[in-house]
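Hi,

Here is the structure I promised to pass on. Have a look at it first, then read my notes below.

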Amino acid sequence: DVYRGVGLMRRIKEKDGDRRFVYMGREKGLEGNIMGRENLGFERVEIRGFKRSLWFENIKRMMGFFKGVRGRKEMIKEFKGDVVIGRGG
């Protein structure tokens, strides 16, 4: 969860203050609120869950998903991080 990510980033910063981080997540909800306060690096991902009964809406959401993935891939290449830690939902 986001609290574990923040804890890990804080701990690494204590050991080596020159490290840079980027946490990727939704702006709405816990991720955006917590990471906005922490000043550790946050990149917004535009993504929403699927609806069971709204077929057309799901197509729009799927297109948004692919657009978001493409944008985040570009951001990762630009950041040139040494380590990636993933936690999916």
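Predicted model: local features only at pLDDT ≥ 70, side-chain atom pairs only at ≥ 80, totals over all residues.

The protein has 3 helices and 2 strands, and if you follow the sequence along, they come in the order α-β-α-β-α.

How much of it is buried? Of the 89 residues, 20% count as buried. The protein exposes about 7600 Å², and carbon and sulfur atoms supply 52% of that. As for contacts with a separation of 6 or more, 39% of them come from residues 24 or more positions apart.

Now for the helix pair. Two packed helices are described by the angle between their axes and the distance between the axes. Here, helix 1 covers residues 2–15 and helix 2 covers residues 30–38. Their axes come within 10 Å and cross at roughly 20°. Angles under 35 degrees count as roughly parallel, so helix 1 and helix 2 are roughly parallel to each other. Their crossing is right-handed.

Which residues meet there? On the helix 1 side you'll find Val2, Tyr3, Val6, Met9 and Arg10, and they meet Leu30, Glu31, Ile34, Met35 and Glu38 in helix 2. The residues of this contact divide into 7 nonpolar, 3 charged and no polar.

Cheers

Key: Residues numbered from 1 in each chain as written. Heavy atoms only, no water. Axes fitted to C-alpha atoms, helices over the stretch in contact; angles between N-to-C directions. Helix = DSSP H or I, 4+ residues; strand = E, 2+ residues; numbered from the N terminus. Parallel < 35°, antiparallel > 145°, perpendicular 65-115°, else oblique. Left-handed = near helix turned anticlockwise from the far one by under 90°. Contact = heavy atoms within 4.5 Å. Nonpolar A, V, L, I, M, F, W, Y, C, P; charged D, E, K, R; others polar. Buried < 20%, exposed > 50% of the residue type's maximum accessible area, 1.4 Å probe, protein only. Areas by Shrake-Rupley, 256 points an atom, 1.4 Å probe, with all protein chains shown as cover.
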